[in-house]
Amino acid sequence: MRNIRMTIQYDGSRYKGWQKQNIKGTSVSTIQDKIEKVLSKMTGEEIQVIGCGRTDTGVHADKYIANFKTNSEKKLPEISKYLHEFLPEDISVTSLKEVSDRFHSRLNVISKTYVYTIDNNRFANVFLKKYSYHVEGQLNIEKMREASKYLIGTHDFKCFSGVKDKSKKSTVRTINYINITEEDNIIKIEYNGNGFLLNMVRILSGTLIRVAKGEIEPIKVKELLEERSRSELAEKAPAKGLCMKEVKY
């Protein structure tokens, strides 16, 4: 069988995240489901698309990586043309590449980069409303940067995740860097790490926003890490401001 790697760009506004959901009697619209249906129709096979990870309801992606296996003899330009013709306008497969049978888009990941966008203008920019979180009032970027330093490195991020207490899966992750930039009152928080837990980037972002508002001090982020339990102080930011930027293998 051929193993084909895809780079996908999507606007997650109207989808329940990446992962297909099997709920009897309910139609759940997800990115994975849309792509699988188009590929299955094209090949006449039951195609399973493997994604590099889950994204929450409403989260976007610029260079999401996935792969699928097929016996189809269609050439890549034909597959690309078919996908562009039959996928919704808010999902685009920007590149296709034949890869080794051993390539697995999730298991082979070295690092992922996410970007959270904040619109800090007095009035929300209408062209960014779907892709940013509008926060009124002056934000202290330096305090946000100070707090972010406590998050860099290998830590147990359970307190900054939506992982249930009963889960036996490890909540230890490594954040390689956090870059915070600001231009024309648009603030971008870029996270790079070896993996991220459920809701982790949104909760980190919401907490850093609270620091920037002066609601909590930067040192509190360090204390929350050490407590290793969910706190109301660790606030989850809206999904629409989050975008998966890049995946490295």
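Does threonine 117 count as buried or exposed, and at what relative accessibility?

The side chain is buried, at 8% relative accessibility; buried means under 20% relative accessible area, exposed over 50% and partly exposed in between, with a 1.4 Å probe and protein chains only. Everything here comes from a predicted model, where local features need pLDDT of at least 70, side-chain atom pairs count only at pLDDT 80 or more, and totals for chains, interfaces and linings use all residues. Residues are numbered from 1 along each chain as its sequence is written, and side-chain values use heavy atoms, with hydrogens and water left out.

View 1. Not counting residues up to four places away in sequence, threonine 117 touches Tyr131, Ser132, Tyr133, Ile186, Ile187, Lys188 and Gly241, with contact meaning heavy atoms within 4.5 Å.

**View 2. The second largest pocket, with Thr117 among the residues nearest its centre.** Its volume is about 220 Å³. A pocket is an open set of points on a 1 Å grid over the protein atoms alone, with protein on both sides within 12 Å along at least five of seven lines; a cavity is a set where a 1.4 Å probe fits but cannot get out, and lining residues have an atom within 4 Å of a point. Grid points are joined across faces, edges and corners, and a volume is the space filled by probe spheres set on the points. The lining has 13 residues, with His60, Thr117, Tyr131, Lys188 and Cys243 nearest the centre. Strand 3 gives the most, three residues.

**View 3. The largest pocket.** This one comes in at about 1,100 Å³. It is lined by 36 residues, and Gly53, Arg54, Arg106, Lys112 and Phe196 lie nearest its centre. Strand 2 (49–51), strand 5 (111–119) and helix 4 (200–213) each give two or more residues to that lining. By class, the lining splits into 15 nonpolar, 14 polar and seven charged residues; Ala, Val, Leu, Ile, Met, Phe, Trp, Tyr, Cys and Pro count as nonpolar, Asp, Glu, Lys and Arg as charged, and the others, Gly among them, as polar.

**View 4. Arginine 173 in strand 8.** At 22% relative accessibility, arginine 173 counts as partly exposed. The backbone oxygen of serine 170 is 3.2 Å from a polar atom of the arginine 173 side chain. Arginine 173 and phenylalanine 196 are 23 residues apart along the chain, with 6.8 Å between their C-alpha atoms.

View 5. Ile141, Met144, Ala147 and Ser148 are buried in helix 3 (residues 141–148). At the N-terminal end, asparagine 140 caps helix 3, with a side-chain oxygen 3.2 Å from the backbone nitrogen of glutamate 142.

Conventions:
Helix = DSSP H or I, 4+ residues; strand = E, 2+ residues; numbered from the N terminus. Polar contact = N/O pair within 3.5 Å; in protein donor to acceptor, adjacent residues only side chain to side chain.
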